Amino acid sequence: MNFAVPALFGLTEYGLFLQANILVFVFQKLTDIANEPLLSRLDAPAIFPVSLCVGGGVLVVFATVNLLYPLGSVLLLAAMLLSSCVLLSMYAMRQAKRILVYLCAFLSMFGVSIVLNLTKVYEMDIQHILILTNLVPALVAAVFLIPSSRVWPGAGSLAGVVGSLWKSVPSMLSLTLVYNLFTNIFPFLLSKTLPADSLGLFRVMASLVQSATSFFPLNIKTIFVALLRSDDRERHYATIMSFSLCYFATAGLATYALVTILPKFQPYTALVCSLPVLYWAVLSERYLLAMNKVRYVRAINILVGISFLIAMFFVKNVHQAILCYGLGFSVYAALLLYEVSNRIHSLVAIWVCGVAPVTAFSLWHTALPALIYLVGCLTLALGIIRFNLNDLRALKEAI
């Protein structure tokens, strides 16, 4: 959707929508962080009503502040929060088929909204399309979830659970500060300084990179659970690192091959070389957490997060935003890899994390450095890390 919407409505209109509603995404992400511990604290049937209560509290705060200072669309936030609640609940209850049906319904609703808009049968702006896309499938899913959900027995117990969740939010934020900073806070700061078309362009580029965990064939939550339970997590970690480097280097080369055929999409590819960096950062973060090195991950998040938050106030154009984004994740990944350096060859780590920000900045002039970087990643993955299909098969069996 982050690619289809700007393609259909244009970068300027998409940027104007972001300027008006970027805080909606910030509040929605904050609620996701607050609800995530429910997976380990409650029985699956209780997660839906409790997560709804947490989301309802956030919505009340948002709507109240919105009366005094415009934060964005209250209805859009309500639709997105309901969507997050039903997905979290279905994931907790391991309703894989329902999740698949829900995602298909979500995409179908989005497609129908776009067709209605393009054919002028019923014209809608971006905000109303996203409300309809999130709300309708979520309401239907909620109806099917209610019979399988257990309502909390008492208001006092419910208040205790919700209160403990919010107490854990600062800890959860400190462990995910870097990712949340670049995903939500950075675009919010840019919305105050960049023109609408530049903001829309940056959001599309960043969304492409942030989709790395979705592009990868193995679900990151599944990998994390496998690392937690595995007796050979070091080998599995090295296998995923080498496989992901091959995968994203190949995906990057394919992207630039496509751009030669469709050159109008070249402006969106400035951050493609950060795909392996972002995934390595996320995976190394999960590996360290599985190794119970929570304090190190928290310290790195706070150090990198605060440093780049200060730097973000000096970003004045989209070129500087790209460099800041690419450099931020490279520094974060490098510091995480330093702690697990005995698992990854130092030459590979320096190449993957050190060269990516340079290619991001140079792509405005030529794609040659990016191509050299990606070919180098592929060569190092096969030659030094030595990606092995047998190791990948062993990993899939463990998962």
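In which helix is Glu 234 found? Glu 234 is found in helix H13, and the legends below describe this residue along with other parts of the structure.

The structure is a predicted model, in which local features need pLDDT of at least 70 and side-chain atom pairs count only at pLDDT 80 or more, while totals for chains, interfaces and linings use all residues. Residues are numbered from 1 along each chain as its sequence is written, and side-chain values use heavy atoms, with hydrogens and water left out.

**Figure 1. Overview of the protein chain.** The protein chain has 19 helices and zero strands. Helices (H or I, at least four residues) and strands (E, at least two) are DSSP runs, numbered from the N terminus. Of the 399 residues, 48% count as buried; buried means under 20% relative accessible area, exposed over 50%, and partly exposed in between, with a 1.4 Å probe and protein chains only. Among contacts (heavy atoms within 4.5 Å) between residues at least 6 apart in sequence, 81% join residues at least 24 apart.

**Figure 2. Packing of helices H2 and H9.** Two packed helices are described by the angle between their axes and the distance between the axes. Helix H2 (residues 11–35) packs against helix H9 (residues 177–190) at an angle of about 155°, and their axes are 8 Å apart. Axes are lines fitted to C-alpha atoms, for helices over the stretch in contact, and angles run from 0 to 180 degrees between N-to-C directions. H2 is therefore roughly antiparallel to H9; angles under 35 degrees count as roughly parallel, over 145 as roughly antiparallel, 65 to 115 as roughly perpendicular and the rest as oblique. H2 passes H9 in a left-handed crossing, a term used if the near helix is turned anticlockwise from the far one by less than a right angle, with right-handed used if clockwise. On the H2 side, the contact is made by Ile 22, Leu 23, Phe 25, Val 26, Lys 29 and Ile 33, and on the H9 side by Asn 180, Asn 184, Pro 187 and Phe 188. These residues divide into seven nonpolar, two polar and one charged. Ala, Val, Leu, Ile, Met, Phe, Trp, Tyr, Cys and Pro count as nonpolar, Asp, Glu, Lys and Arg as charged, and the others, Gly among them, as polar.

**Figure 3. Packing of helices H13 and H18.** Helix H13 (residues 233–261) and helix H18 (residues 368–383) have axes 9 Å apart and pack at an angle of about 150°. H13 is therefore roughly antiparallel to H18. The crossing of the two helices is left-handed. Residues of H13 in this contact include Leu 245, Phe 248, Leu 253 and Tyr 256, and those of H18 include Leu 371, Leu 374 and Leu 378. The contact comprises 14 nonpolar, three polar and no charged residues.

Figure 4. Glu 234 is partly exposed, with a relative accessible area of 39%. From C-alpha to C-alpha, Glu 234 and Tyr 287 are 8.6 Å apart in space, although 53 residues apart in sequence.

**Figure 5. Nonpolar cores.** A nonpolar core is a set of buried Ala, Val, Leu, Ile, Met, Phe, Trp, Tyr and Cys residues joined through side-chain atoms within 4.5 Å. The largest nonpolar core has 94 residues, of which Phe 182, Phe 186, Phe 202 and Tyr 325 touch the most other members. Leaving aside neighbours within four places in sequence, Phe 202 is in contact with Phe 186, Leu 190, Val 318, Ala 321, Ile 322 and Tyr 325. Apart from this core lies another, of 13 residues, among them Phe 48, Cys 85, Val 86 and Ala 141.

Figure 6. Ser 83 is found in helix H5 (residues 74–92) and is buried, with a relative accessible area of 6%. Not counting residues up to four places away in sequence, Ser 83 touches Tyr 102, Phe 106, Asn 134 and Ala 138. Ser 330 lies in helix H16 (residues 318–339) and is buried, with a relative accessible area of 3%.

**Figure 7. Asn 292 in a loop.** Asn 292 lies in the loop between helix H14 (275–290) and helix H15 (294–312). At 64% relative accessibility, Asn 292 counts as exposed. Phi of Asn 292 is near 65°, a positive value in a residue other than glycine.
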